[in-house]
Amino acid sequence: MRIWFLCKVKYAKETEDGLLKSISEQYLVDAVSFTEAEAILYDRLGSQIRGDFQVTGISKSNIVDVFYYEDADIWHKCKVTYLIADGDSGKEKKVIQYMIVTAEDVKQAYDRIQESLSNMLVSFRVPDITESSIIEVFPFEKDEVKDQLPPGNFRPVNQEEEI
């Protein structure tokens, strides 16, 4: 299961006047722990941010899915609601989930979330969309894990023979 961590990073950025201004930005990181989220931030932002930066906060996010479109760079947080039947009581239960999508404006974000969720088996509503302060999203990348493994005779567990 994916866990998205909302991370705050503080650093000094040079303005157009040549002055240094302290700014704080938010990033969304897919990681298995707080420690891994922080390590990913230092790895990815170390080459992007000139000078020192500090991770000032990491918290688990309520975001369950991310939809990225290359033609936009503004992240919008979408509240999605739908009803499911409770297996024990048989009553309908309202489920609320949050997702983010890149779009130029709220209307485009609505259209894109509708398109992205069009294969859902239940009907859903999107009662709220707000522009997010998230600057960038760092999803899990499988190739990074392969690069970190030491040399050895590794193979997937499902290829192992039972003894």
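Me: What is the strand order in the open sheet of 4 strands?
Reply: This is a predicted model, in which local features need pLDDT of at least 70, side-chain atom pairs count only at pLDDT 80 or more, and totals for chains, interfaces and linings use all residues. Residues are numbered from 1 along each chain as its sequence is written, and side-chain values use heavy atoms, with hydrogens and water left out. Strands (E, at least two residues) and helices (H or I, at least four) are DSSP runs numbered from the N terminus, and two strands pair if DSSP finds at least two bridges between them. The pairing in this open sheet is mixed, and the order is β3-β1-β2-β8.

Me: Which strands stand at the edges of this sheet?
Reply: An edge strand here has a single partner strand, so one side of it is left without a neighbour in the sheet. The strands in that position are β3 (53-60) and β8 (134-138).

Me: How many bridges join β1 to β2?
Reply: Strand β1 covers residues 4-14 and strand β2 residues 20-30, and the two run antiparallel. Within this pair, Trp4 stands opposite Asp30 in β2. The number of bridges joining β1 to β2 is 11.

Me: At what angle does helix α1 run to β3?
Reply: Axes are lines fitted to C-alpha atoms, for helices over the stretch in contact (heavy atoms within 4.5 Å). Angles run from 0 to 180 degrees between N-to-C directions. Helix α1 (residues 34-45) lies across β1, β2, β3 and β8, and its angle to β3 is about 145°.

Me: Which residue in the turn between β5 and β6 has a positive phi?
Reply: Strand β5 (residues 75-85) pairs with β6 in the antiparallel sense over 11 bridges, and Ala85 stands opposite Glu92 in β6. The two strands form a hairpin with 6 residues between them. The residue with a positive phi, about 80°, is Gly90.

Me: Is Val95 buried or exposed?
Reply: Val95 is found in strand β6 (residues 92-102) and touches Val80, Thr81, Tyr82 and Ile84, not counting residues up to four places away in sequence. Buried means under 20% relative accessible area, exposed over 50%, and partly exposed in between (1.4 Å probe, protein chains only). With a relative accessible area of 15%, Val95 is buried.

Me: Where in the protein chain is confidence lowest?
Reply: The pLDDT, the predictor's confidence in each residue from 0 to 100, averages 88 over the protein chain, and 86% of the residues score at least 70. Confidence is highest in helix α2 (residues 106-116), at a mean of 96. The lowest mean, 55, belongs to residues 142-148, helix α3.
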